[in-house]
Amino acid sequence: MQFGVFTVGDVTPDPVTGRTPTEAERIQSMLAIALKVEEVGLDVFATGEHHNPPFVPSSPTTMLGWIAARTERIVLSTATTLITTNDPVKIAEDYAMLQHLAGGRVDLMMGRGNTGPVYPWFGQDIRNGIPLAVENYALLHRLWREDVVDWQGRFRTPLQSFTSTPRPLDGVAPFVWHGSIRSPEIAEQAAYYGDGFFHNNIFWPSEHTAQMVRLYRERFEHYGHGAADQAIVGLGGQVFMRPRSQDAVREFRPYFDVAPVYGHGPSLEEFTEMTPLTVGSPQQVIDRYAAMRDVVGDYQRQLFLIDHAGLPLETVLEQIEILGTEVVPVLRRELAVGRPAHVPDAPTHAALVAAAGGARDATVHAPADDVTGSSPLPLAAG
């Protein structure tokens with residue numbers, strides 16, 4: 001399994017000190033978090049994508065490119081790439097470039113986002129959310145796998161003899177997760193392509209999570225990608241830890257009570273009972289997340305949201321230290337026990353290249369053509 005941290009990049013006042021960080025401070029804190037993830041031995045750092053205050057990560061590839069240059073091991077991911085409002089051609093180009101820069105340590109989580117006004121900001125209609133997600137990903141999938149693409153759809157201008165550059169590293173596209181909380185159409189989409197399904201269940205009871213993952217697994221098998229228990233599943237999570245559980249509750253409560261995402265609603269106790277939020281000792285976190293296998297079966301990726309609700313960077317880094325040194329090593333051992341041999345590991349670039357029969361140079365060689373911009377099919381290599 002892979003374990004890691006995801007961030008939504010919110011700029012939230014600290015309810016204890018009353019201070020709100022600047023955008024510059026928040027961006028630098030996200031970079032520090034990514035470096036800490038690598039330092040403590042976790043596997044994945046993922047950033048969200050937002051285009052409005054109070055969030056800062058409007059350009060995930062820029063941030064992940066910086067992190068790629070300063071890390072060696074962790075997988076760099078998005079916690080959402082907006083497949084509905086980003087042009088799939090630009091996604092194909094940007095993330096293939098990032099894949100090259102990071103030596104393959106890149107994957108994406110496609111999603112529709114949770115900010116309704118983003119649709120008109122980028123010239124789209126929220127009422128087309130699901131059709132946009134389906135059509136745009138169908139095009140993106142082809143752009144990474146076909147050297148020359150002819151295409152026509154509802155939501156963008158047609159493509160004629162188009163080649164997205166650079167081509168994917170080693171001839172293998174970045175692995176894609178489809179993230180959804182409540183849309184069965186997205187679980188269906190993930191299953192259709194044999195991609196991963198990420199259920200960011202941080203606000204939802206386990207019964208709903210189990211239902212969504214079960215649907216994805218059943219449809220994965222239906223489309224012939226393997227047995228249902230071989231489908232690639234990821235989950236979200238939230239934790240706050242101290243050696244004594246009562247200290248964790250006391251310290252985290254003021255952040256929970258006024259947090260923009262869940263403050264002023266259910267109590268901390270009610271929320272931790274209903275959702276995966278776990279506030280307590282490291283052992284309580286281990287017990288809670290080891291039991292996730294009972295909800296969704298053996299799965300491949302567990303990401304934790306830690307740097308939210310105005311928590312100061314020093315506290316967040318302490319939490320990542322506890323996660324990496326006390327919690328995840330135990331979870332790795334416990335979740336490996338009884339895991340069937342046919343259940344796949346989390347996908348990596350090396351594994352995808354091996355499954356494709358080895359690396360190949362996917363460069364498309366074509367004469368310069370600034371008039372039509374086309375890539376003549378007979379000259380397409382690979």
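Here is a friendly set of questions and answers about this predicted model.

Me: How does the radius of gyration of the chain sit against that of a compact globule with 382 residues?
Reply: Happy to start there. The C-alpha trace spans about 70 × 45 × 40 Å along its principal axes. A compact globule with 382 residues would have a radius of gyration near 21 Å, so the value for the chain agrees with that rule, at 21 Å.

Me: How many helices and strands does the chain have, and what percentage of its contacts with a separation of 6 or more comes from residues 24 or more positions apart?
Reply: The secondary structure comes to 13 helices and 13 strands. Among contacts with a separation of 6 or more, the share from residues 24 or more positions apart is 71%.

Me: Which residues does Leu-42 contact, leaving aside neighbours within four places in sequence?
Reply: Leu-42 is one of the residues with the most contacts inside the largest nonpolar core, as are Ile-320 and Leu-323. With those neighbours left aside, the contacts of Leu-42 are Phe-3, Gly-4, Val-5, Val-37, Arg-73, Ile-74, Ile-320, Leu-323, Gly-324, Val-328 and Arg-332.

Me: Is Ala-46 buried or exposed?
Reply: Ala-46 is found in strand β2, residues 44-47. Beyond four places in sequence, Ala-46 touches Val-5, Phe-6, Thr-7, Ser-77, Thr-78, Ala-79 and Leu-303. Buried means under 20% relative accessible area, and Ala-46 has 0%, so this residue is buried.

Me: How far apart in space are Ala-46 and Gln-283?
Reply: In sequence, 237 residues separate Ala-46 and Gln-283. From C-alpha to C-alpha, their separation in space is 25 Å.

Me: How many cavities of 30 Å³ or more are there, and what is the volume of the largest?
Reply: Rolling a probe the size of a water molecule over the atoms shows where empty space is left. Here the count comes to 2 cavities of 30 Å³ or more.

Me: Which elements each supply at least two residues of the lining of the largest cavity?
Reply: The lining consists of Ile-83, Met-110, Gly-111, Arg-112, Ala-133, His-178, Gly-179, Ile-186 and Gln-189. By class, these divide into 4 nonpolar, 4 polar and 1 charged. The elements that each supply at least two of the lining residues are β5 (106-111), β8 (175-179) and α6 (184-193).

Me: How many charged residues are in the lining of the second largest cavity?
Reply: This cavity is lined by Trp-144, Asp-147, Arg-167, Pro-168, Gly-171, Arg-360 and Ala-362. The lining has 3 nonpolar residues and 1 polar one, and the number of charged residues is 3.

Me: Which helix gives the most to the lining of the second largest pocket?
Reply: About 300 Å³ of space lies in this pocket. Of its 18 lining residues, the closest to the centre are Pro-21, Gly-310, Leu-311, Pro-312 and Leu-313. Both α1 (23-39) and α12 supply at least two lining residues. With 4 residues, the helix that gives the most is α1.

Methods
Residues are numbered from 1 along each chain as its sequence is written. This is a predicted model: local features need pLDDT of at least 70, side-chain atom pairs count only at pLDDT 80 or more; totals for chains, interfaces and linings use all residues. Side-chain values use heavy atoms; hydrogens and water are left out. On a 1 Å grid over the protein atoms alone, a cavity is a set of points where a 1.4 Å probe fits but cannot get out, and a pocket is an open set with protein on both sides within 12 Å along at least five of seven lines; lining residues have an atom within 4 Å of a point. Grid points are joined across faces, edges and corners, and a volume is the space filled by probe spheres set on the points. Ala, Val, Leu, Ile, Met, Phe, Trp, Tyr, Cys and Pro count as nonpolar, Asp, Glu, Lys and Arg as charged, and the others, Gly among them, as polar. A nonpolar core is a set of buried Ala, Val, Leu, Ile, Met, Phe, Trp, Tyr and Cys residues joined through side-chain atoms within 4.5 Å. Buried means under 20% relative accessible area, exposed over 50%, partly exposed in between (1.4 Å probe, protein chains only). Contact means heavy atoms within 4.5 Å. The radius of gyration is taken over C-alpha atoms; the globule rule is 2.2 Å times the number of residues to the power 0.38.
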